[in-house]
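Hi,

Here is the structure I promised to pass on.

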Amino acid sequence: VNNNKEWFDENRHRYEESRKKVLFLTELVINEIKSFDPGIGNISAKDCMFRIFRDVRLAHDKTPYKVNMGSFIAGGGRKSTGAGYYFHIEPGGSFVGGGAYCPPADVLKAIRTEIFDHSEEFKKLIYKDSFAKTYTEMYDDQLKTPPKGFPKDFQDIDLLKYKSYAFTSRIQDSELF
């Protein structure tokens with residue numbers, strides 16, 4: 001993989017061409033989502049698409065560029081702290097998904113409280129065949145102990161230990177390229 005500034009500068013036109021295609025796709029997806037979720041508001045594709053540059057300040061891997069393109073579609077775009085819709089395009093690693101990925105503490109507490117108050121409804125949703133067959137993966141980073149403020153003996157305490165509530169579905173390269 002050519003992941004250095006010199007190569008990127010020489011091939012920037014290829015990146016820009018791909019970026020335009022992903023912006024166009026993002027615009028199409030925004031319009032589809034607006035038809036059933038007006039809460040995303042008036043956002044542009046540029047508000048949703050992530051930049052190509054990696055944050056390497058604390059990373060062991062100092063390669064400067066991402067090897068994927070992705071957009072997070074939510075009210076406020078990619079900077080939103082709430083739930084939304086995401087697509088990720090990467091050879092051998094593409095997927096679509098939705099939910100709240102690494103939300104801030106107040107948002108996470110609100111999600112956990114809703115699940116605590118309506119655990120049966122939440123389980124019916126995530127274990128429903130049509131949902132479970134489509135969204136086969138859930139980010140599974142969990143606390144080792146029950147979160148503060150919730151009873152340790154709650155029958156569905158494991159549902160409250162998640163740090164994210166985001167579900168994904170893999171996409172094969174043959175479906176995209």
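Let me start with a definition: by a nonpolar core I mean a set of buried Ala, Val, Leu, Ile, Met, Phe, Trp, Tyr and Cys residues joined through side-chain atoms within 4.5 Å. Buried stands for under 20% relative accessible area, exposed for over 50%, and partly exposed for anything in between (1.4 Å probe, protein chains only).

Two housekeeping points. This is a predicted model, where local features need pLDDT of at least 70 and side-chain atom pairs count only at pLDDT 80 or more, while totals for chains, interfaces and linings use all residues. Residues are numbered from 1 along each chain as its sequence is written, and side-chain values use heavy atoms, with hydrogens and water left out.

Now the core. The largest one has 17 residues, and Val-22, Ile-30, Ile-40, Ile-43 and Ile-73 touch the most other members. The elements giving two or more residues to this core are H2, H3, E1 and E2 (helices, H or I with at least four residues, and strands, E with at least two, are DSSP runs numbered from the N terminus). H2 is the top contributor, with five residues. There is also a second, separate core of 13 residues, with Phe-122, Leu-159, Leu-160 and Tyr-162 among them. As a general point, nonpolar side chains tend to be buried together in soluble globular proteins.

Leaving out residues up to four places away in sequence, Val-22 touches Met-49, Met-69, Ser-71, Phe-87 and Ile-89.

On to the sheet. Five strands form an open, antiparallel sheet in the order E1-E2-E3-E5-E4, where strands pair if DSSP finds at least two bridges between them. E1 and strand E4 (137–138) are at the edges with a single partner strand each, so one side of each has no neighbour in the sheet. E2 pairs with strand E3 (residues 94–100) in the antiparallel sense over five bridges, and Phe-87 has Val-96 in E3 as its bridge partner.

What about the rings? The whole structure has 13 aromatic pairs (rings of Phe, Tyr and Trp, the last by its six-membered ring, with centres within 6.5 Å; planes under 30 degrees apart are stacked, over 60 edge-to-face, the rest tilted). Tyr-101 and Tyr-139 make a tilted pair, 4.9 Å centre to centre with 55° between the planes. Tyr-101 lies in the loop between E3 and H4 and Tyr-139 in the loop between E4 and helix H7 (157–160), so the pair ties together parts 38 residues apart in sequence. Tyr-101 is exposed at 53% relative accessible area, whereas Tyr-139 is partly exposed at 35%. Elsewhere, ring pairs link Phe-8, Tyr-15, Phe-53 and Tyr-65 into a cluster.

One last item: Cys-102, in the loop between E3 and helix H4 (105–117), has a phi near 50°, a positive value in a residue other than glycine.

Cheers

Methods:
Contact = heavy atoms within 4.5 Å.
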